[in-house]
Amino acid sequence: EYDKGFWSSVEVSKKINKKFSVSLEEEFRLRNNLKTTDKFMTTLGLDYKINKFFDVGISDCFINYYHPGNKKHDYKNYWENKNRLNLYGEGDYTLGRFSFSLRERLQSTYTFLDSISNQEINPELILRSKLSVSYNIPKIPVEPYASVENFLPLNGSYKYSTEEMRFAFGLKYSINKKLALK
């Protein structure tokens, strides 16, 4: 199924010291060929740098997910609240002008159930594996990138079989050393 969406986010981060940093991100998404609000997400994270190649972290995300009305719910629109805890590790390696990264994330999403929710598994556990590559073009502040991400449920009826594969590509535009658009 083809669906054109739009994801936008703003993130601020602060180094606490050489090893620790904290971040806060606000994200807004559209779906249904840009016609419907998908969700709002607020994420607070803490990262620990093990060495120059490897980071680990934890984050907590509050999700406000929009459901347009349907026959099952008497055509009433409603918002569903979720809380997502993430534990992750990410390795980065640069080879020439190419940069490679692999991220493993254990994601636990708890849905606040109400009378119209249809959530079957609570919390939902998913292992997300993401491989990314980017290329640094000499003397140009634009960096093309591509990634593939596998979503592997760890509970429920589809456990241990790929639920979703996400492919992404785009451009990262560096405004300065601390500010970039992606």
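Leaving aside neighbours within four places in sequence, Asn86 is in contact with Gly57, Ile58, Ser59, Arg105, Leu106 and Gln107. Contact here means heavy atoms within 4.5 Å. This is a predicted model: local features need pLDDT of at least 70, side-chain atom pairs count only at pLDDT 80 or more, and totals for chains, interfaces and linings use all residues. Residues are numbered from 1 along each chain as its sequence is written, and side-chain values use heavy atoms, with hydrogens and water left out.

Asn86 sits in strand S5, residues 78-95. Strands are DSSP runs of E, at least two residues long, numbered from the N terminus. Asn86 is buried, with a relative accessible area of 4%. Buried means under 20% relative accessible area, exposed over 50%, and partly exposed in between, with a 1.4 Å probe and protein chains only.

Now the sheet. It is open and has 10 strands, in the order S1-S2-S3-S4-S5-S6-S7-S8-S9-S10, with antiparallel pairing. Its edge strands are S1 (6-15) and S10 (180-181), each pairing on one side only. Two strands pair if DSSP finds at least two bridges between them. Strand S3 (residues 36-51) and strand S4 (residues 54-67) pair in the antiparallel sense over 12 bridges. Asn51 stands opposite Phe54 in S4.

Next, a loop. Asn136 lies between strand S7 (124-135) and strand S8 (142-153). Asn136 is partly exposed, with a relative accessible area of 36%. Asn136 touches Arg97 and Glu143, not counting residues up to four places away in sequence. From Asn136 to Thr42 the separation is 94 residues in sequence and 30 Å in space, C-alpha to C-alpha.

How values were computed:
Helix = DSSP H or I, 4+ residues; strand = E, 2+ residues; numbered from the N terminus.
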